[in-house]
Amino acid sequence: MKKRYIFFRGLIHTLDLYTDEFVKLFTEANAECLVVNAAQIEDEMVRLKAFMLKPVTAVISLNNIGLHLQFEDGKNIWDQYHIPFYNIMMDHPFHYKTALDTAPDQMVLLCMDKNHVNYVKRFYTNIKQVQFFPHAGIEIHKEREQKIPVAERKIDVLYAGGLSRYAAEGLIPDLGRIQEFDAFAFVKSVLERLIENPECTTEYVIEQCLGEINLKFNDEQLGDMITELRFLDSLAVSFYREQMIRTLTDCGIQVTVFGLGWDRCEWESPNLIYGGTLLPMQILELMNESKVVLNTMTWFKRGAHDRIFNGMLAGAAVVSDSSEYMQEQFADGNQLRMFSLQNLKELGEAVKDLLSNVNGAQTMADCGYQTAKEHHMWKNRLKDLHLL
């Protein structure tokens, strides 16, 4: 029987990039695909209902898009028709508490970090199906027989990622209404602890700091508190992103950055080139013209980020902070270079070495490309789920 899948797109450009890649892969595998425009969901319900007249293999979506759809009777569609809903969680689950607290039984939650799986098992006990599903990459320009050699690329270092501290400002709750403790002092303490110990997760540090002031909550209360204070995660990420770029520019390395917030930095450098915000496909194009593609995790300690694999598949030399998953998958200096957030000096040294030793950078880029091509594309991940 021909496999049939439902996808959602139309809300967020980055998620659409992944969805388009999934649809392409399933179409090539001779599956029938319905792509629903989530931005016009009411108009799309007729098409959706017609597609569901025949058995549907699964829904594949990202960040809860389409998770809570209902027809006229008010019942969740996926539970009503017993259709597995593969919900790929691109961010930490604490960002989506309301959606996940009321998730349908048919949902299979796929987390990009092993710590996120543990978090879901502890704080979302209603979710029965959750598993690790690491990031992967997308290759473009497959028609080329050869990538542009590293030495001939026009961008020295590319970093595509915004400064999340500005977005985090909108997540800060009214700390004055928290009566159990001095929330302002507590928040300051947690952020300092995170920056001093970047190997720790935000939820771990929050719980640790609560214990130090003799406050204990049950898991439901603790989960609510972590959700309230999740903006600290974004502040820690943003702090190290800014420190990383400043370390490189202070070393005399020219860095081209894309994403929100870089134009609001309190510091300036002639080595910092701000390219504004671009569509995800435009970023992939520029990775193919970059000698070094730089990555920092979004505070993922046991996962990865697609910047790593996209950079490898673009034929660039990739430099990233490390994680448990990264250390399991790669040998430092072989497929990419890894650094510790606690020692940014080694980041500057690594990038300088790659830019001055283009033959070594080319060898590493070639090795990274082959590894990503064989093991870290989205088709690999979907095959691991036995969907493709």
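The buried residues of helix 2 are covered by elements that include strand 1 (4-9), strand 2 (32-37) and helix 3 (77-80). Here, contact means heavy atoms within 4.5 Å, and helices (H or I, at least four residues) and strands (E, at least two) are DSSP runs, numbered from the N terminus. The structure is a predicted model, in which local features need pLDDT of at least 70 and side-chain atom pairs count only at pLDDT 80 or more, while totals for chains, interfaces and linings use all residues. Residues are numbered from 1 along each chain as its sequence is written, and side-chain values use heavy atoms, with hydrogens and water left out.

Helix 2 spans residues 41-51, and Glu44, Met45, Leu48 and Phe51 are buried in it. Viewed down the axis of helix 2, the buried residues fall within an arc of 130°, so they line one face of the helix. The arc is that of the directions from the helix axis to the C-beta atoms. An α-helix has 3.6 residues a turn, so residues three or four places apart point the same way. On the other side of helix 2, Glu42, Asp43 and Val46 are exposed. Buried denotes under 20% relative accessible area and exposed over 50%, with partly exposed in between (1.4 Å probe, protein chains only).

Two strands are taken to pair if DSSP finds at least two bridges between them. Strands of a sheet pair through backbone hydrogen bonds, either parallel or antiparallel.

Within this sheet, strand 1 and strand 2 pair in the parallel sense over six bridges, and Ile6 has Leu34 in strand 2 as its bridge partner. Five of the six residues of strand 1 are buried, so strand 1 is largely enclosed by the rest of the structure. Axes are lines fitted to C-alpha atoms, for helices over the stretch in contact, and angles run from 0 to 180 degrees between N-to-C directions.

Another open sheet is formed by six strands in the order 9-8-7-10-11-12, and the pairing is parallel. Strand 9 (272-274) and strand 12 (337-339) stand at the edges, each with a single partner strand, so one side of each lacks a neighbour in the sheet. The twist averages 25° from one strand to the next. In strand 10 (residues 290-295), six of the six residues are buried, so the strand is largely enclosed by the rest of the structure. Four bridges join strand 7 to strand 10, which run parallel, and Tyr159 stands opposite Leu294 in strand 10. Strand 10 is also joined in parallel to strand 11 (residues 317-321) by four bridges. In strand 11, Val319 stands opposite Leu294, and Ala317 stands opposite Val292.

Helix 11 lies across strand 7 (155-160), strand 8 (255-258) and strand 10, and runs at about 155° to strand 7. Helix 11 (residues 280-287) also packs with helix 1 (residues 13-28), at an angle of about 75° and with the axes 8 Å apart. The two helices are therefore roughly perpendicular to each other, a term applied to angles of 65 to 115 degrees, whereas angles under 35 count as roughly parallel, over 145 as roughly antiparallel and the rest as oblique. Their contact is made by His13, Thr14 and Leu17 of helix 1 and by Pro280, Met281 and Leu284 of helix 11. These residues divide into four nonpolar, two polar and no charged. Ala, Val, Leu, Ile, Met, Phe, Trp, Tyr, Cys and Pro count as nonpolar, Asp, Glu, Lys and Arg as charged, and the others, Gly among them, as polar.
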